[in-house]
Each structure stands twice: as structure tokens, then as C-alpha cells.
Amino acid sequence: MSNMGLLRLEGIVTHFPAKGAMFYSETGALVTGKTIHAVDGVDLSLDRNTTLGIVGESGCGKTTLARTILLLIKPTSGRLYFEGREITNLSYADLAKIRPNLQMIFQDPFSSLDPRMRAKDVIAEPLTVVTNDREKVKKRVLEVFEQVGLHADQLNRFPNEFSGGQRQRIAIARALATRPKLVILDEPTSALDASIQAQILNLLLEIQEEYKVSYLFISHNVGVVRHMSDRIAVMYLGKVVEEGPVGDLMSKPRHPYTAALISSIPKPNPKARGEMAEIRGETPSPINPPSGCRYHTRCPFATNLCSDKEPQLQELESGHHVACHYPLET
Amino acid sequence: MTNAVLEVHDLSVVFETFEGRYNALNNINVTINQSEVIGLVGESGCGKSTLALAVMGLLPRPHAKIPSGSITFKGKNLLSFTEKEMEQIRGTDISMIFQEPLTSLDPLFTIGDQLSETIQIKLQRAGENVRWNSGKVKTEVLNWMKRVGLADPESAMERYPHEFSGGMRQRVMIAMALAAEPRLMLADEPTSALDVTTQVQILRLVKSLVSQVKASVLFISHDLAVVAQIADRVAVMYAGMMVEEASVHEIFENPLHPYTQALLASFPKEEEVKKSKLVSIPGSVPNIAHIPPGCPFHPRCSFAKDICSTTRPELRENSPGHRVACVLYDKS
């Protein structure tokens, strides 16, 4: 069943009630005035031992999508499959059995590690869900600790005794301890200095090589995502607007938003000045997303059709999906 | 007559705390010329912001001490100025914008009121006695709101900072910083909190307005790519020291200092094979409390020699306009 893929999302929708009036109706349902359409119908799939990069600007729903995949937030609708089995409505106990396979690494290693736990306890915690054998846990902790490039004599230290890069290594060790099949990385290097970023990216690549783990790599840094990913999905206001193999998508973007996003990355080359394209205006609010194509308010190619009818994600070339009425020519 | 707007000479800053003395800046030399944009790059804790605060006279007192150096602006040493004299300079001659505009705007006043204050002060310093709510001030406020690209300025004036997005707030900050047509603007990571698409808008705006009002800019950023887009000259800092300084083209085409070289090499590049190993700098950025002796970069440097751990290299001119602090380039 390897062709089933590791993870599949079907029409995942995650809405939140917006701040403001909230009350229970006569039938007991929670009624709210406004809704934040954080993730609004996402279909994606991820194979074993591959990396799917998710890019988009703040507020596009990247992080909500990650949390939904881990079922830290229950999706409003849609189905989630892990290794071919639907996990959307699993009971808490059944989920606990699957969770060791799904791990997450967060952006800020200063807030994602408990300041009162020693490094060894931070890493051992997820293992205690899997096994009661203390010797086994100890052995595994030491093994991953050294694998992420830390020294055994640092095991008893507290997080505040480590630098940012080292803390992120501890977070990686914690995620790896249970030998997960999928690790979700939410902006794993954004809080790190430039000279440390490359170290952590290299470490993640080594680990993937060894563990054959799949990554869902979320970042606003398109350059980093391009380097790390096999496929990329571009999100805009809760929707995937384009998805495809990294080479295709980066060199021949078909959605106007992808094209604009790619060209707005500053290049470390003073000769490439003025090549940055400017997207006019600002990202609309996810409380009141635009009708039709959500990008039409900022798109230079938009017509009436774009504001009336929502484009569906379609396959243009093999494996390259775009949600646009007028995809760019290559 | 030189056309230098700001000359920082041999500036050192020390923080004295209960835990000890920390050298935040060590003998910094930098000159900013008329209408020039200097990019100041470095990682967190390298002293970029300390330098900007020293120029503004905003270092936290009484902990910060300046044991040596001078900051010359318009021919006068700012370090000898009293607080009253500095107040006259801040906002009109030298202005500053920060990374997070929400914390630098007052949440209790409307955008219009905050801009009016700046413009009133500017007019007062020019000898015009105007009230903050006079028609003249309002006209100028609206004019500046248009110049920084705020849509519908009439109604935006009446709104509060929290009603604005990050990009719009940064536009307001830029309007406040440039409304007085300062000689020098210090920009401390002005686009780091913004999305890339907003970053492009803000960089363009800063560039065009700065050339209109003929201000010089000290543009602080941790992102070499952003600096490549906006700076004329680039200064690279590491652990409180300036390690290299050259024109923007020279820095990116012919970086000399091993730290600059490694930083540039560690960028994931477009043409690189996907998932290949990136060049990385071993170790971590030194804490200000434990700056290594000699060259602060020597424990992480792949070219380090014995002398690097004992002698601190000086920033010397290697070729015209290109200065580097590294023994590899010592000609003697």
C-alpha cells in the first residue's frame, strides 16, 4: 500500500470564531458573529521520505494547517488520512497510538522548551508514551542527543544554558526520539541567526537521509523552502493556490501570486536590484475573504470572472496544480 | 569641506552591570556621506542597535558608558551635547525607525495626531509658531500621508495604530521620521517584521523618499539580501567589532573577511542542487559576556592562525574603499 502515500488531506476546513459576540443558541450550539476562515478547503498529499514545503505570508493559514494535521485543532470539515487510514475522528486513546509517528518542531526554541526541564527530560518525555522501559529511554535519549550534534555531558543542563541553535537541536532531538514518520517543521530556522540557519538545515537533511522521514516544511522564506523541498504548495488566505514539484513551480510559476511572491524575495546580489516585483495593496482579512478567487483584489490580470467564480485547483501538467482562471503561460 | 554627514570615530561602548562589564562596541569607525545609504549587517548581539542608539544619545543610562571615541554630526561632537541639545537634534536632524512599529506608536493617539506633533515641532524649530491643530499642519500631515502611500488619508488620520496593518504602520513611522526632512535617518531592521511582499513596498518607499529629501541612512539589518537591495556601502559587524566595510558591489563580489565570506556562502542559492549540503559556520555567535580574545571570530574561522587568538586585528584599508579587519590581509 505504499502508493497510498503517508498523509492525505481532503477538503480540510478550519474556521475559528472571531473575537466579539459569542452566545449559545436555544439548541445549545455556540453562535458567533464572525468567522475567521483560517484554512478553507485544502487538498494535499505527502509521500514517504519526501518534503512538502508550504509557503505563504503571515495569516495565510500555514500554521493552522500544521496544527490541524496533528489534530491539535479539530478541522471544521474535511478528512485527514495517515497511512491510508482516516484519523479525523479518532478517539483520544487511538490518537495517542498514532501520535509518536507525528512530531512537530516549532519556530521559537525559547518558548517551545520547558525552562524547568533538563535537556534529557525534554527529549525523554515523548518516549514515555511509547515505552515504560527506563533503560531503553535513557539509551535512546543519549543516541538522539549525540545525533543532533550535542555532547552527552550537556544532558543535565537546562534550556537556558543553551544557545538558540543548540535549543533548536534539542527540539529536533525531541521530535526524533520516537522515530516519527512525519515531522512538521513550522518556521524551524526563522528565529535563528544566519550563520546558524545553515547548520540546522544541514542537520535536518542528514536526519531525513537516515530516518527516511517525511517533512512538512512551513516557512515564509521561499529560498529555504526551495532548498529543502521536493514539492511546494503556495497558500494564500486559507487556500492552496498552486502546488507542484519544486523545480517546476519555482522556475515556471503558473499562478500570478506565486510569481509575485517569488520575485519579491530579495536576492543577495546588488546587481539584481529593481528586479523585485511589487504586489499592490495588502492581504485582505480572513474574516471577510474576497469572493471568487481570493487573490483577485491584488491580481493585475483579474477580470469579472475572477471575482464571481472561484477557480478550482487543476492539474495543468503532470503533478503541477494551479487554482487560477488565467494561469500564466510558461 | 567634507561631505560626511556623520563620522563615528573610535567609538567604544561598555555596559556596566551587576554581573560585570560588557564591551558592546569596540573602536568602531564609520563615516556616512551625504545622501548615502549604509547597510549595517550582523547577527543578533553584534552591536548594530547599540551603535544606532549611541548616535541618537539613547543608550540606557547609567549602565552604558562611552570610554572612548567621538560621534561627529554637522561638525560637532554629539557626545559632548547635553540632553537638552540632543532633544533639539532628535526627530528633526536625526530620526529613527524601528523594527516593530506597533511599539513605537502611541496606542492612545490617532495617527493624525501623532504625525501632527512631528510636523508642529518641525515648523516650530524652523521658527514658525503654529498650533498642532492648525490648518497648515493638517495640510502637511495629509501631504505626507499621501507621500508614504496611505490610502484615503482623510479618514486614516482619524484612526488609531491598532487599526493599521504592520506595513501601514511602518509607512506611518517613515512619514514621521522623514517629515522633518532630517539629514540622517537610522533604520533599525525596518522590514524584518514584515512579509516579503510588504517588504518590497517598504524598501521601495524608503529608497525613493530618502532620495527626495536627500537624507543619509544607516540601514541596520541581519539580512544580507535586503541590504544588497538598498545600500550603497555595507559594513559588517561581529561581536561588537566592525570586521569589513566596502561598497555594496565589492562586498558581494569580493568579500574578504572569512566571516563575510561564510555568511554569503551559507545562503541557500537558486542554482544549488536541491537538498545538497549548505556551507555552514561551525559553533555559535559569541555571547557579549564571553567575547573571545584576539579576533572574536577566530574560534569559528577556518583560516585561523595562532596570532588570531592573541592579537585583535585592526580595520585596515586593503584596496581603495575596502577595509577589512583580518590578519590574512596584513601586508606588513
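**Entry 1, a strand pair in chain B.** I looked up the bridge partner of Glu317(B) in this predicted model, and found that in E12(B) the partner is Arg323(B). I then followed the two strands themselves: E11(B) and strand E12 (residues 322–324) of chain B pair in the antiparallel sense, over three bridges.

**Entry 2, the sheet around that pair.** I traced an open sheet of eight strands in chain B, with mixed pairing and the order E6-E7-E8-E3-E9-E10-E12-E11. Its edge strands, each of which pairs on one side only, are strand E6 (94–97) and strand E11 (316–319) of chain B. From one strand to the next I noted an average twist of 20°.

I turned to helix H3 (residues 119–130) and helix H4 (residues 134–147) of chain A, which pack at an angle of about 125° with their axes 9 Å apart. H3(A) and H4(A) are therefore oblique to each other, and I recorded their crossing as right-handed. The contact involves Lys120(A), Ile123(A), Ala124(A), Leu127(A) and Thr128(A) on the H3(A) side, and Val137(A), Arg140(A), Val141(A), Val144(A) and Phe145(A) on the H4(A) side. By class I listed seven nonpolar, one polar and two charged residues in this contact.

I found 35 residues of chain B in contact with 36 residues of chain A. On the chain B side, the elements that give two or more residues are helix H8 (196–213), helix H9 (224–230), helix H10 (248–253) and helix H11 (258–265). The residues of chain B on that side divide into 17 nonpolar, 11 polar and seven charged.

Note on methods
Residues numbered from 1 in each chain as written. Chains lettered and ligands numbered in written order. Predicted model: local features only at pLDDT ≥ 70, side-chain atom pairs only at ≥ 80, totals over all residues. Contact = placed C-beta atoms within 7 Å. Helix = DSSP H or I, 4+ residues; strand = E, 2+ residues; numbered from the N terminus. Nonpolar A, V, L, I, M, F, W, Y, C, P; charged D, E, K, R; others polar. Axes fitted to C-alpha atoms, helices over the stretch in contact; angles between N-to-C directions. Parallel < 35°, antiparallel > 145°, perpendicular 65-115°, else oblique. Left-handed = near helix turned anticlockwise from the far one by under 90°. Pairing = 2+ DSSP bridges.
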